Amino acid sequence: MTQTPKPFVLVTSTPVMGHYAPMRAIANGLIQRGYEVTILTGPRYRESADEMGATFVALGGRLNDFDTDVIKLLPRLIELKPGPELFAYSITEGVVKAIPDQHAGIQQILQSLRDKDPSRPIVVVNEIVFLGGLATTFGARGLRPDATIAIGINPLILTSEDLAPFGPGLHPPTAPKERETYAAMRKQWNEVVMAGPKSELERVLATLGEAKPDLPHNVLDAAILKADRFLQMCVPSLEYPRSDAPDSVRFTGGLPRGHRYRGKEAQLPDWWQTVITNPEKKRIVAVTQGTVQLDYSQLVVPTLTALADEEDVIVVAVLGKHGASLPSDFVLPKNGFVGDYIPFDDILEHVDVFVTNGGYGGFQHAMAYGVPVVVGGTTEDKPEVAARAEWAGVGLNLKTDKPSPEQVRTAVREVLDHPTYKARAVEIEKEMQTYDPIQIIADSVDELAQAAQ
């Protein structure tokens with residue numbers, strides 16, 4: 001009996017490591033389950049896609065590499081202060097204006113797959129801010145896949161009457177007055193802050209064939225609501241409850257240990273064995289500035305400085321980029337160790353506290369190892385990551401991306417000296433272990449492909 005071939009899968013990703021890494025893990029997991037996968041993202045990731053047996057198509061256009069120099073592409077990221085204007089600028093310039101080239105790449109791939117086998121369904125597994133993956137559902141001209149699954153690799157963005165608008169990093173309301181305040185904030189956010197991104201999206205879609213698209217006020221909501229299914233890459237305990245979320249929104253749990261891309265060039269530093277053997281059984285604190293805006297004076301240097309005199313602590317600074325180094329005039333404390341690029345899977349199993357700039361991938365990674373966090377981030381979605389860490393009881397929110405050494409020391413000592421943070425992080429780790437996110441995604445691919453036939 002001839003077995004029916006699995007659907008074609010097209011995986012998309014914004015061309016930046018923090019977005020590509022989880023999407024690559026998904027693509028790799030689907031390939032291991034027998035799916036034929038095509039990846040559309042920036043050209044710098046061709047080799048890693050080839051390694052796992054995916055078909056690779058390079059994203060064209062100006063916005064096809066945010067890793068090399070994001071400031072060159074989006075110069076106002078360093079001109080604007082953290083807040084609504086910066087948030088709207090990031091969405092307009094970095095997300096919405098990328099749609100035409102993303103859409104063109106997707107059309108090329110869909111045509112190729114249709115030519116290859118017109119009878120096989122095509123399912124797009126679309127990273128949430130890769131809005132070009134949903135352009136035809138917004139009304140753009142072109143071929144449509146049989147189904148689209150959107151993947152949430154950020155805190156859940158979806159607007160809700162139960163919450164403040166996404167961006168400022170506010171916890172769910174605890175009193176009626178607070179709900180009223182949040183309702184007014186949502187109106188202001190959607191009608192003023194997000195007016196620019198929505199206007200630009202309407203302009204872009206008009207060039208692609210839709211003069212009057214049916215869009216929500218918040219364009220990021222469209223990425224969730226227009227997909228056939230939205231899969232949030234975390235456990236429910238790390239996300240705010242929403243009574244008005246549609247049934248299409250579901251949780252997959254976060255990626256488990258060992259599922260993220262290491263990179264061929266990952267080489268552990270010379271001091272590695274000294275730290276992980278840790279003969280004096282000191283507490284280990286790791287700190288990272290992420291992988292994009294690498295100003296180590298913001299978080300890495302303050303953390304090394306803050307803990308320099310803590311005799312029971314070792315500090316490991318992960319710089320996030322091959323060949324990176326700290327400023328030449330910085331004197332490394334005797335309890336400090338620096339690595340340019342260390343895969344989180346290697347370091348986190350040894351860590352007691354993770355000081356992070358609030359990247360969602362790093363936060364989820366820490367939870368997979370039951371490691372509590374101290375978060376210092378104020379741009380993009382980082383205030384929302386920090387707020388969720390605090391709300392879930394797995395860490396502290398510094399509420400600044402430029403903390404003083406004293407702020408860092410106080411927060412780290414709080415987490416080290418009070419076991420409730422560690423205990424809660426371990427609870428989250430155990431909850432994550434009850435999920436199989438790749439299988440949940442695979443099941444969704446099959447279910448939606450079958451429903452489309």
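In this predicted model, strand β8 (residues 283–288) and strand β11 (residues 353–356) run parallel to one another and are joined over three bridges, where strands count as paired if DSSP finds at least two bridges between them. Within that pairing, Phe354 of β11 is the bridge partner of Ala286. Both strands belong to an open sheet of six strands, with parallel pairing and the order β10-β9-β8-β11-β12-β13; its edges are β10 (336–339) and β13 (395–397), each of which pairs on one side only. Strands are DSSP runs of E with at least two residues, and helices are runs of H or I with at least four, both numbered from the N terminus.

Helix α14 (residues 405–417) lies across β8, β9 (313–318), β11, β12 (373–375) and β13, at about 160° to β12; such angles run from 0 to 180 degrees between N-to-C directions, with axes fitted to C-alpha atoms, for helices over the stretch in contact (heavy atoms within 4.5 Å).

The largest nonpolar core has 66 residues, and Ile26, Val37, Ile39 and Ile151 have the most contacts inside it. A nonpolar core is a set of buried Ala, Val, Leu, Ile, Met, Phe, Trp, Tyr and Cys residues joined through side-chain atoms within 4.5 Å, buried meaning under 20% relative accessible area with a 1.4 Å probe, protein chains only. Helix α1 (residues 17–32) supplies the largest share of this core, seven residues. A second, separate core of 35 residues includes Val316, Phe344, Phe354 and Phe363.

Residues are numbered from 1 along each chain as its sequence is written. Local features need pLDDT of at least 70 and side-chain atom pairs count only at pLDDT 80 or more, whereas totals for chains, interfaces and linings use all residues, and side-chain values use heavy atoms, leaving out hydrogens and water.

Technical notes
Buried means under 20% relative accessible area, exposed over 50%, partly exposed in between (1.4 Å probe, protein chains only).
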